[in-house]
Amino acid sequence: MRKKKAEEKEEKEKSLLEGLCGADTKLYAFLSQYLYEAPLAAISEEHLDILTKEAEESGNFRPAMDKAIFEGAQNPGERERYIKAIQDLASKAIHAAEQEREKLEKEGLSDLAASLGRRVENHKFMIERAEDILNVASRFYNEKLLELEETMRREERQRARKQTEKEEVRIDQLERAKREEREEERSKMGKQEKRESKEQEKREGLAAAERRKARGEKRKEVEKEERRIEESEKASREERKRERKGN
């Protein structure tokens, strides 16, 4: 079951990215390796300048590239600055990869050297298509972040519902314990006291029933509102999907 859900999720992601890339198969092939379903979890929180400095020291430019693409996607007003940042990172990555490839070839490690050659081609593509990369990444990440917000709100509603259910169970347990306690106390009472105790219990029982009814009505209102929210979010998703197809 878990594997099936994972496959369905993967197909959903593929459909979104393919739809955004259209017939541009090269762009899709590249971005399918560089975009993340959960960017907030996958992309470093460090400042881009820090990641760039670390990349220059280590030769690993991927974290900085991921950051530049994500930030550029989220800041359309600074698109040109981020295009240049991506191109600069890609140029530096090419230089580092070519140096490493030469070293590996001299050591006779041709297979590893070949893999670096493919990496160089990817970085060249990044330089040439930086603007297109950001255009698609912007729409992709906007959708992913909206979905994340919906998921977080849905999980918060679920937590609130579970807390309400837990509280209702606690109230029921307290009322049951109170009834059992009164039953035990009545066993020690005289006839008049028992009659008065039963009348008191009846009044309390009616009040408890009213409270249960009120909780039930409130629960129905909450469930109704949750359905309205879910329907609204579904409609928004469908509208965004139509807009993507229209574009």
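This is a predicted model: local features need pLDDT of at least 70, side-chain atom pairs count only at pLDDT 80 or more; totals for chains, interfaces and linings use all residues.
A helix here is a DSSP run of H or I covering at least four residues, and helices are numbered from the N terminus. Glu175 lies in one of them, helix α8.

Start with Glu175 itself. Buried means a relative accessible area under 20%. Glu175 has a relative accessible area of 14%, so Glu175 is buried. Apart from residues up to four places away in sequence, Glu175 touches Ala208, Arg211 and Arg212. Glu226 is found in helix α9, which covers residues 191-246. Its relative accessible area is 9%, so Glu226 is buried. With residues up to four places away in sequence again not counted, Glu226 touches Arg157 and Arg161.

The largest nonpolar core has 37 residues. Those with the most contacts inside this core are Leu17, Leu31, Leu35, Met65, Ile69, Met126 and Tyr141. At least two residues of the core come from each of α1 (2-21), α2 (25-34), α4 (48-58), α5 (62-74), α6, α7 (110-128) and α8. Helix α8 gives the most, with eight residues. When its neighbours within four places in sequence are left aside, Leu31 is in contact with Leu17, Cys21, Ile133 and Val136.

An α-helix has 3.6 residues a turn, so residues three or four places apart point the same way. The buried residues of α4 are Leu48, Leu51, Thr52 and Ala55. Viewed down the axis of α4, these buried residues fall within an arc of 100°, so they line one face of the helix. The face turned away from the buried side of α4 carries the exposed residues Asp49, Lys53 and Glu57. The cover over the buried residues of α4 includes α5 and α6. After α4 comes Gly59, which has a positive phi, near 85°.

Helix α6 also meets α8. Where do α6 and α8 meet, in terms of residues? On the α6 side the residues are Arg79, Tyr82, Ile83, Ile86 and Gln87, and on the α8 side they are Ala130, Glu131, Leu134, Asn135 and Ser138. The residues of this contact divide into five nonpolar, three polar and two charged. The axes of α6 (residues 79-106) and α8 (residues 130-186) come within 9 Å and cross at roughly 120°. This crossing of α6 and α8 is right-handed.

Two more residues complete the tour. Arg81 has its place in helix α6. The relative accessible area of Arg81 is 48%, so Arg81 counts as partly exposed. Arg81 and Ala68 are 13 residues apart in sequence, and their C-alpha atoms are 9.8 Å apart in space. Gly117 is found in helix α7. With a relative accessible area of 13%, Gly117 is buried. Gly117 and Gly19 are 98 residues apart along the chain, and 29 Å separates their C-alpha atoms.

Notes: Residues are numbered from 1 along each chain as its sequence is written. Side-chain values use heavy atoms; hydrogens and water are left out. Axes are lines fitted to C-alpha atoms, for helices over the stretch in contact, and angles run from 0 to 180 degrees between N-to-C directions. A crossing is left-handed if the near helix is turned anticlockwise from the far one by less than a right angle, and right-handed if clockwise. Contact means heavy atoms within 4.5 Å. Ala, Val, Leu, Ile, Met, Phe, Trp, Tyr, Cys and Pro count as nonpolar, Asp, Glu, Lys and Arg as charged, and the others, Gly among them, as polar. Buried means under 20% relative accessible area, exposed over 50%, partly exposed in between (1.4 Å probe, protein chains only). A nonpolar core is a set of buried Ala, Val, Leu, Ile, Met, Phe, Trp, Tyr and Cys residues joined through side-chain atoms within 4.5 Å. The arc is that of the directions from the helix axis to the C-beta atoms.
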